[in-house]
Structure formats: C-alpha cells, structure tokens
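Student: Please take one part of this model and go through it closely. I would like to know how it is packed and what the rest of the chain looks like around it.

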Amino acid sequence: MPTDPADALTLDPAQNSVDQATRLIREDILSGRIAPGDRLKTAELAKQLGFSTMPLREALRKLEGEGLVAIEPNRGATVRK
C-alpha cells in the first residue's frame, strides 16, 4: 500500500486511531494510490501506518460501510471496483 509516510506527520491528535486510519486509507483509495481490486492486508497496513491491527480492522469496517471496501469472511478486504 503506497501510503506516503509524510501523511503520518499530518495526523490530527484530536482524532482517535480508528478515525485516523480510516482517513488515511480513504485518501489512498480515492486518490488511486490503492487501486480497485487491491487487497487490503491488515498486517501490512498496520506496519505502514503505525497502528495496531485492531484499529485497522475497525477502519476497514467503516470503509465497507461507506462502500469503498468489500470484506469477505476468510478472504479479507479488497477495494471495491
């Protein structure tokens, strides 16, 4: 996932980690840095964004609710086409 490490410097301290992760992933999807059909691996995202996996799982659920991500049991999350 090609999230720019400089984005971590622009995190809003008033937002919790779920909201911050949701915002960063949403920006990457909408900008095209993460393409439709790409898998979103929680462990990879955690390492790149500097969050634990729990906030990232919740962020992916929020993005699923927004229609940006599809989550399939035992298969993980992908960006919707």
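Tutor: An axis here is a line fitted to C-alpha atoms, for helices over the stretch in contact, and angles run from 0 to 180 degrees between N-to-C directions. The model is predicted, so local features need pLDDT of at least 70 and side-chain atom pairs pLDDT 80 or more, while totals for chains, interfaces and linings use all residues. Residues are numbered from 1 along each chain as its sequence is written, and side-chain values use heavy atoms, without hydrogens and water.

The part to look at is the pair H1 and H3. Helix H1 covers residues 17–31 and helix H3 residues 53–65; their axes come within 8 Å and cross at roughly 55°. The crossing is right-handed (the near helix is turned clockwise from the far one by less than a right angle).

On the H1 side, the contact (heavy atoms within 4.5 Å) is made by Ser-17, Val-18, Asp-19, Ala-21, Thr-22, Ile-25 and Arg-26. H3 contributes Pro-55, Leu-56, Glu-58, Ala-59, Leu-60, Lys-62 and Leu-63. By class, 8 of these residues are nonpolar, 2 polar and 4 charged (Asp, Glu, Lys and Arg count as charged; Ala, Val, Leu, Ile, Met, Phe, Trp, Tyr, Cys and Pro as nonpolar; the others, Gly among them, as polar).

Now the surroundings. The protein chain has 3 helices and 3 strands (DSSP runs of H or I, at least four residues, and of E, at least two, numbered from the N terminus), in the order α-β-α-α-β-β from the N terminus. Of its 81 residues, 35% count as buried (under 20% relative accessible area, 1.4 Å probe, protein chains only). Among contacts with a separation of 6 or more, 58% join residues 24 or more positions apart.

Technical notes: Buried < 20%, exposed > 50% of the residue type's maximum accessible area, 1.4 Å probe, protein only.
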